[in-house]
Amino acid sequence: MRQFLLLIIILINSQLGFSQQITCSTKDKEAVEEKIEAIDRLLQPDFGSTIVSVGKTFMKTPYVAKTLEIGDTETLVVNLQGLDCTTFVENVLAFSKLLRQKDPSFNTFIKNLEVIRYKDGELDGYASRLHYFSEWIANNAEKGILKDITGEIGGREITKDINFMSTHRDLYPFLADEANFDKIKASENYLNSQAICVLAQDKIAENEDLIQSGDIIALATSINGLDVTHTGIATREKDGRIHLLHASTGSMEVEVSKKPLAEYLKGIKSNTGIMVARPL
């Protein structure tokens, strides 16, 4: 099976002309092609509505952690069989962009995913992946993919030491490599020189009307060394309230939160608020 998987990687790599390897099984390649067909008519004039519609096609997909931690070197992992909170958001955004590009092909999806997942849109080793979600937002804003609107809806700048990966090195197998470790520390040092904007938990309800369906929601945390612990997509449901469409660690699958976002967050002890990014 492993040899067959590597063959698929080489074939895809050769077809796309990428300089980096892609990890994608035949099952996942077929899943991407089936998803492209399934979302064919979901493009709407409002891009946020498109994102929610695409996101809801993933409902019930199992939550699986660390799907990107594969092998000894960083590859562009394509896996629709199991998603964590970040890969859910990345895949939904990549498919939604594909619809607007009007180029429904596997190649276009793969390129979208690489641009979203990596610093400056290019895979260049483990440290080029946007591991910290505040950096994910900032870098994708620089690429023109989204806009951080947290400050516009009542958020305030905060500073915090971000160093969870380097201080918990044993949790990240790729950090056994000294070069990767040094590059991650450099990324953390850069993040520590930047303020991040957070809408405090007790201010979310009163500013909820400024959040739109399709906005990307990142859950800020009081946990030492971390900026964000979870992410998902805002969706205004039939009750008129904003809920969270996400790969949930509670139900262990993609779902819409039963409670509105403001109430849902009150049940998370370490939550301090949210960052909000609007795809462009």
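Select T150: this residue is buried, at a relative accessible area of 0%, where buried means under 20% relative accessible area, exposed over 50% and partly exposed in between, with a 1.4 Å probe and protein chains only. T150 sits in the loop between β3 (146-148) and β4 (156-158); helices (H or I, at least four residues) and strands (E, at least two) are DSSP runs, numbered from the N terminus. Now show what T150 touches, leaving out residues up to four places away in sequence: G155, C197, V198, L199, I274, M275 and V276. A contact here means heavy atoms within 4.5 Å.

The model is predicted, and local features need pLDDT of at least 70, side-chain atom pairs count only at pLDDT 80 or more, while totals for chains, interfaces and linings use all residues. Residues are numbered from 1 along each chain as its sequence is written, and side-chain values use heavy atoms, with hydrogens and water left out.

**The whole chain**

Along the principal axes, the C-alpha atoms fill a box of roughly 55 × 45 × 35 Å.

Colour by burial: 53% of the 280 residues are buried. The accessible surface comes to about 13000 Å², with 50% of it belonging to carbon and sulfur atoms; accessible areas come from the Shrake-Rupley method with a 1.4 Å probe, and for residues only the protein chains shown count as cover. Of the contacts between residues at least 6 apart in sequence, 63% join residues at least 24 apart.

For the charges, the mean positions of the 31 positive and 39 negative ones are 4 Å apart. Lys and Arg count as positive and Asp and Glu as negative, without His and the chain ends, and each charge is placed at NZ of Lys, CZ of Arg, CG of Asp or CD of Glu.

**Helix α3**

Select α3 (47-56). Seven of its ten residues are buried, so α3 is largely enclosed by the rest of the structure. The buried ones are F47, G48, T50, I51, V52, V54 and G55. What do the buried residues of α3 pack against? Show α4, β7 (228-236), β8 (242-248), β9 (253-256) and β10 (271-279).

Next, display the aromatic side chains. There are five aromatic pairs, counting rings of Phe, Tyr and Trp (its six-membered ring) whose centres lie within 6.5 Å, with planes under 30 degrees apart called stacked, over 60 edge-to-face and the rest tilted. F58 and F88 make an edge-to-face pair, 6.1 Å centre to centre with 85° between the planes. F58 lies in the loop between α3 and β2 (76-77) and F88 in helix α4 (residues 85-101), so this pair ties together parts that are 30 residues apart in sequence. Both F58 and F88 are buried.

F58 and F95 are both buried.

**Two lysines with positive phi**

Most residues other than glycine have a negative phi. Select K60, in the loop between α3 and β2. K60 has a positive phi of about 80° although it is not a glycine. Is K60 buried or exposed? K60 is exposed, with a relative accessible area of 60%.

Then move to K102, in the loop between α4 and α5 (106-117). Phi of K102 is positive as well, near 55°. At 69% relative accessibility, K102 counts as exposed.

Select α6 (residues 133-142): seven of its ten residues are buried, so α6 is largely enclosed by the rest of the structure. Those residues are F133, S134, E135, W136, I137, N139 and N140. Just after α6, G144 takes a positive phi of about 80°.

The last stop is H168, in the loop between α7 (164-167) and α8 (178-192). H168 is partly exposed, with a relative accessible area of 28%. Draw a C-alpha to C-alpha distance from H168 to T57: 35 Å in space, for residues 111 apart in sequence.
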